[in-house]
Amino acid sequence: MSINNWGTVKGESQSEGLNYAKMVSGTPLVCRIVSGVRPRYQYWLTNSIGQKLPFESLSFNHENEKWIRGAVDPVREKGFTESGGKGGTKPISSKRAYACVIINRATNQLEALDLKKSIFDGVIKFMQESDEGYANPSEFELVIDKTGQKWNEVKYAVNVMATLKANRDKATVKAMHEQDEALLANLKDPMEYWPRQTADEQRAALEEFLARTADEASGNASAGGAGNGGAEEAMDDLS
């Protein structure tokens with residue numbers, strides 16, 4: 001998906017070849033977004049040996065960000081449930097798992113960013129309110145803050161003042177972005193990093209995941225197809 005889909009993706013409703021950017025509370029993530037958005041929702045499943053793995057919801061149309069009535073959904077077909085409160089259960093629900101590719105200034109590497117809704121909204125708001133007329137977020141340096149420690153306290157936000165400061169010296173930013181070209185030569189389309197399985201492919205991946213034994217686990221860490229990069233952090237704060 002084009003970098004320019006930031007103007008059309010609404011943001012509602014370990015990847016191949018990339019590590020996920022690790023965010024630490026109290027330490028700003030300074031980065032440059034260099035791809036379009038990969039919209040998706042994921043179910044988090046646990047198998048009999050305690051492994052957790054995300055599977056993309058095929059009920060969500062990643063092209064128009066709408067839910068597909070009557071879609072074939074292999075995870076729902078399995079009848080998975082989750083707590084529904086007051087001791088009851090309900091059909092398992094998927095969680096927002098939008099993603100994009102960044103250059104992490106701390107590592108100077110292409111990395112995946114778990115695009116929390118608060119980050120997505122903050123980027124869009126910054127572009128809309130900026131006097132620079134940014135067409136997409138690849139044109140500026142971005143600073144993101146993570147606060148809180150416990151899962152129910154964690155928050156993510158674009159640090160507007162720090163972002164403005166990081167872009168104040170336009171000559172420095174331009175030179176930095178010119179140096180990025182070597183990294184960008186290896187950049188792929190987001191759909192190549194996060195391919196969407198067909199229903200049959202997902203059924204096969206589900207069967208393999210659910211049938212795993214402890215002896216098989218170490219060699220099959222990412223059979224879910226959706227990838228498990230950043231999985232621990234995502235499980236800690238499904239926000």
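1. Strand β3 (residues 41–46) pairs with β9 in the antiparallel sense over two bridges, where strands are DSSP runs of E with at least two residues, numbered from the N terminus, and two strands count as paired if DSSP finds at least two bridges between them. This is a predicted model, in which local features need pLDDT of at least 70, side-chain atom pairs count only at pLDDT 80 or more, and totals for chains, interfaces and linings use all residues. Residues are numbered from 1 along each chain as its sequence is written, and side-chain values use heavy atoms, with hydrogens and water left out.

2. These strands belong to an open sheet of three strands, ordered β4-β3-β9 with antiparallel pairing, whose edge strands, β4 (52–56) and β9 (95–96), each pair on one side only.

3. Within β9, Arg96 is the bridge partner of Tyr41. The Arg96 side chain does, however, reach the backbone oxygen of Leu115 at 2.4 Å.

4. A second open sheet has six strands in the order β1-β11-β10-β2-β12-β13, with mixed pairing, and its edge strands are β1 (19–20) and β13 (155–158), each pairing on one side only. Strand β12 (residues 142–147) runs antiparallel to β13 and is joined to β13 by four bridges, with Thr147 standing opposite Lys155.

Conventions. A polar contact is a pair of N or O atoms within 3.5 Å; within protein, one must be able to donate a hydrogen and the other to accept it, and residues adjacent in sequence count only if both atoms are side-chain atoms.
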